[in-house]
Amino acid sequence: MGGVPKQRHTKSRRNKRRSQIFLHSPGITICSHCKKPSLPHTICKNCGYYQDKEYIDVTKALKKMKKRRIDKGLEPQENKDKL
Ligand SMILES: [Zn+2]
């Protein structure tokens with residue numbers, strides 16, 4: 001009873017097993033919309049597109065961010081009437 005090893009594995013066998021223990025870097029793909037590098041299977045951070053479809057309106061998000069900054073007083077109030 002019990003998982004007790006009967007025989008010791010060789011250094012070679014141990015090292016071969018451990019040779020597969022390392023971190024893999026996520027591949028990088030080129031966005032089909034803006035041609036910038038982005039993560040695979042992920043909406044592009046730069047333009048908000050994934051598989052030629054817009055999922056995030058980046059300009060809208062930027063405007064919202066700017067408005068929030070103006071409200072906080074971090075940015076001078078320029079063309080607030082437009083926003
Ligand atoms: Zn993109």
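What arrangement do the four donor atoms around the zinc ion make? The angles that these atoms subtend are 105 to 113°, which makes the arrangement tetrahedral. Four donors count as tetrahedral if all angles lie between 85 and 135 degrees; four count as square planar and six as octahedral if opposite donors are over 155 degrees apart and all others between 65 and 115, and anything else is irregular. The structure is a predicted model, in which local features need pLDDT of at least 70 and side-chain atom pairs count only at pLDDT 80 or more, whereas totals for chains, interfaces and linings use all residues. Residues are numbered from 1 along each chain as its sequence is written, and side-chain values use heavy atoms, with hydrogens and water left out.

The zinc ion is coordinated through the SG atoms of Cys31, Cys34, Cys44 and Cys47, at 2.1 to 2.3 Å. Donors are N, O and S atoms within 2.8 Å of the metal (3.2 Å for Na, K and Ca); water is not among the atoms, so sites may look incomplete. Along the chain, the donors of the zinc ion follow the spacing C-x2-C-x9-C-x2-C. A disulfide is a covalent bond between the sulfur atoms of two cysteines. With a disulfide taken as a pair of cysteine sulfur atoms within 2.5 Å, the count comes to zero disulfides.

Buried means under 20% relative accessible area, exposed over 50%, and partly exposed in between (1.4 Å probe, protein chains only). Cys44 counts as buried because its relative accessibility is 3%, and Cys47 is likewise buried, at 11%. Cys34, at 23%, counts as partly exposed.

Ser38 is buried, with a relative accessible area of 13%. Not counting residues up to four places away in sequence, Ser38 touches Ile28, Thr29, Cys31 and Cys44, where contact means heavy atoms within 4.5 Å.

Most residues other than glycine have a negative phi. Lys35, however, has a positive phi of about 65° although it is not a glycine. Lys35 is found in the loop between β1 (29-30) and β2 and counts as exposed, at 59% relative accessibility. Gln51, also not a glycine, has a positive phi of about 50°. The loop between β3 (49-50) and β4 (53-54) holds Gln51, which counts as exposed at 62% relative accessibility.

How values were computed
Helices (H or I, at least four residues) and strands (E, at least two) are DSSP runs, numbered from the N terminus.
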